[in-house]
Amino acid sequence: MMALYMKRAVRRNSDLPIGPAEREARVQLAAAYRVFAELGWTEAVFNHITLRVPGEERIFLINPFGLLYHEVTASNLVAIDIDGDPVRETPYPVNRAGFVPHSAIHGAIDEAHCVMHTHTTSGVAVASLEDGLSVDNFYGAQLRGRVAYHEFEGVTVEPGEKDRLIASIDGRNAVILRNHGLLTWAPTVPEAFMWMWILQRACDVQIAMAAAGAPRRIRPEALERSGASAAFDEKALCELNFAAMVRRIEARDPGYKT
């Protein structure tokens with residue numbers, strides 16, 4: 001069964017060079033994988049963070065299927081096209097099925113250069129609740145009115161789901177895939193990370209609240225202020241936060257850059 005979700009690399013354009021822009025993108029994306037590993041936002045060898053390489057060609061970077069997030073490096077990331085096919089020879093397989101929702105977003109939303117998808121325990125738990133995400137905590141309040149929901153259709157392998165996913169997203173950067181998990185997208189890695197950080201924290205706190213007792217409701221005027229001052233609206237703040245997380249993993253192991 002697993003073989004159905006893997007495609008061995010086929011040499012498509014072996015003379016396509018890795019330029020400075022792609023090299024920089026590779027280092028940043030590898031850092032993101034290490035940050036996710038540090039935070040525990042992993043699902044064995046599954047799930048993905050994808051990043052478009054700057055330039056006219058639509059080339060994307062994705063993790064090699066079969067490696068854990070802490071094993072991802074700048075050099076072993078796989079460059080693929082919008083269909084999930086490798087553009088260079090590589091010893092690693094690609095999880096094309098996992099790329100389906102990413103390709104939908106990359107292909108339909110021009111500014112979606114980075115797409116992140118997780119199956120964290122609290123994320124899947126909230127995604128499986130009838131009422132979805134609560135706004136009655138510090139993080140959820142910032143996301144009020146900014147979260148899209150997409151109905152569960154099974155394992156995301158059907159190309160026909162792409163259009164329905166884009167319609168569900170309707171331009172929103174934070175997405176809850178019903179009964180499935182969390183997804184965020186943005187023009188940059190730091191911005192996508194900040195959306196995921198706040199969405200994940202909102203889920204973590206919501207599940208903790210459910211075990212603690214009845215929630216205290218946030219006043220409507222406070223909800224309005226929370227949304228207006230949300231951290232993901234400040235690009236510089238997103239960059240500061242992501243840079244701090246990268247320093248954290250760099251101090252432990254700078255090998256992701258190789």
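## Helix packing and cavities

Helix α6 (residues 189-212) and helix α8 (residues 235-252) pack with their axes 8 Å apart, at an angle of about 85°, where axes are lines fitted to C-alpha atoms over the stretch in contact and angles run from 0 to 180 degrees between N-to-C directions. Therefore α6 is roughly perpendicular to α8, a label for angles of 65 to 115 degrees. Helices are DSSP runs (H or I, at least four residues), numbered from the N terminus.

The model is predicted: local features need pLDDT of at least 70, side-chain atom pairs count only at pLDDT 80 or more, and totals for chains, interfaces and linings use all residues. Residues are numbered from 1 along each chain as its sequence is written, and side-chain values use heavy atoms, without hydrogens and water.

In contact (heavy atoms within 4.5 Å), α6 residues including Phe193, Met194 and Trp197 meet α8 residues including Leu237, Phe242 and Met245. This contact has nine nonpolar, one polar and three charged residues, with Ala, Val, Leu, Ile, Met, Phe, Trp, Tyr, Cys and Pro as nonpolar, Asp, Glu, Lys and Arg as charged, and the others as polar.

The whole structure holds two cavities of 30 Å³ or more; a cavity is a set of points on a 1 Å grid where a 1.4 Å probe fits but cannot get out, and lining residues have an atom within 4 Å of a point.

| Cavity | Volume | Lining by class |
|---|---|---|
| Largest | about 40 Å³ | two nonpolar, four polar, four charged residues |

Among the residues lining the largest cavity are His150, Phe152, Arg178 and His180, whereas α2 (96-108) and α5 (161-169) each supply at least two lining residues of the second largest cavity.

Technical notes
1 Å grid on protein atoms, 1.4 Å probe; cavity = no way out; pocket = protein on both sides within 12 Å on 5 of 7 lines; lining within 4 Å. Points joined across faces, edges and corners; volume = space filled by probe spheres on them. Parallel < 35°, antiparallel > 145°, perpendicular 65-115°, else oblique.
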